[in-house]
Amino acid sequence: MINNKLAISFDIDDTLIVPSIATGLDIDTPNYETIAVYKYFQNQGYYMILWSGSGTDWAKRWGEKLGLQPDEIRIKEKNDDIDIAFDDCEVDLAKVNIRVKRLNNSISRKDWNKNKKI
């Protein structure tokens with residue numbers, strides 16, 4: 001908990017956005033289903049965190065692009081103050097970890113991760 005509110009974190013890559021490598025499009029696209037979940041929790045008054053293993057600049061840029069207005073942006077890492085973490089991988093980052101569906105999981109993200117563009 002942070003400020004007596006449940007702290008809920010959302011990863012960026014393959015969670016709030018679908019990378020272009022997975023869709024075959026020229027650009028990364030919003031994952032509208034997961035964004036709707038984010039907005040539900042935000043509307044309930046929870047403490048919202050955006051994070052990414054790619055860094056705070058990446059998380060901040062995508063938060064702005066998606067209009068999410070988080071309470072905090074941080075590097076993705078395990079932290080005892082996070083109550084619920086949403087991610088596309090099996091992780092142990094919070095008290096409760098929720099894995100979201102990843103589109104075209106059989107496609108490698110290795111090259112995309114090296115060449116990300118904001």
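This is a predicted model: local features need pLDDT of at least 70, side-chain atom pairs count only at pLDDT 80 or more; totals for chains, interfaces and linings use all residues.
Reader: Why is Val18 called buried?
Author: Val18, whose place is in strand S2 (residues 17-18), has a relative accessibility of 11%. Buried means under 20% relative accessible area, so Val18 counts as buried.

Reader: What makes Asp87 and Lys76 a salt bridge?
Author: The closest N and O atoms of Asp87 and Lys76 are 2.7 Å apart, and the cut-off for a side-chain nitrogen of Lys or Arg and a carboxyl oxygen of Asp or Glu is within 4 Å, so the pair qualifies as a salt bridge. Asp87 lies in strand S6 and Lys76 in the loop between S5 and S6, so this contact ties together parts that are 11 residues apart in sequence.

Reader: What makes Lys95 and Asp83 a salt bridge, and why are Lys95 and Asp83 placed in their accessibility classes?
Author: Their side chains meet at 3.1 Å, N to O, which is within 4 Å, so the term applies. Lys95, at 54% relative accessibility, counts as exposed because the limit is over 50%, while Asp83, with a relative accessible area of 7%, is buried.

Reader: Why is Lys78 called partly exposed, and with which residue does Lys78 form a salt bridge?
Author: At 46% relative accessibility, Lys78 lies between the limits of 20% and 50%, so Lys78 counts as partly exposed. Lys78 forms a salt bridge with Asp92, the closest N and O atoms being 3.3 Å apart. In total, the structure holds seven salt bridges.

Reader: How do you know on which side of helix H3 the buried residues lie?
Author: The buried residues of helix H3 (residues 56-66) are Trp58, Ala59, Trp62, Gly63 and Leu66. They cover an arc of only 130 degrees around the axis, which puts them on the same side of H3. Asp57 and Glu64, on the other side of H3, are exposed.

Reader: Which residues touch the most other members of the largest nonpolar core, and which element gives the largest share?
Author: Among its 18 residues, Phe10, Ile12, Leu16 and Leu50 touch the most other members, and the largest share, four residues, comes from H3. Residues that Leu50 touches include Phe10, Ile12, Leu16, Ala59 and Gly63, when residues up to four places away in sequence are not counted.

Reader: What makes strands S5 and S7 the edges of the sheet?
Author: The open sheet of five strands has the order S5-S4-S1-S6-S7, with parallel pairing. Strand S5 (72-75) and strand S7 (96-99) each have a single partner strand, so one side of each is left without a neighbour in the sheet.

Reader: How do you know that S4 and S5 are paired?
Author: Four bridges join strand S4 (residues 47-52) to S5, and pairing needs at least two bridges, so the two strands meet the requirement. Within this pairing, the bridge partner of Ser52 in S5 is Ile75.

Technical notes
Residues are numbered from 1 along each chain as its sequence is written. Side-chain values use heavy atoms; hydrogens and water are left out. Buried means under 20% relative accessible area, exposed over 50%, partly exposed in between (1.4 Å probe, protein chains only). The arc is that of the directions from the helix axis to the C-beta atoms. A nonpolar core is a set of buried Ala, Val, Leu, Ile, Met, Phe, Trp, Tyr and Cys residues joined through side-chain atoms within 4.5 Å. Contact means heavy atoms within 4.5 Å.
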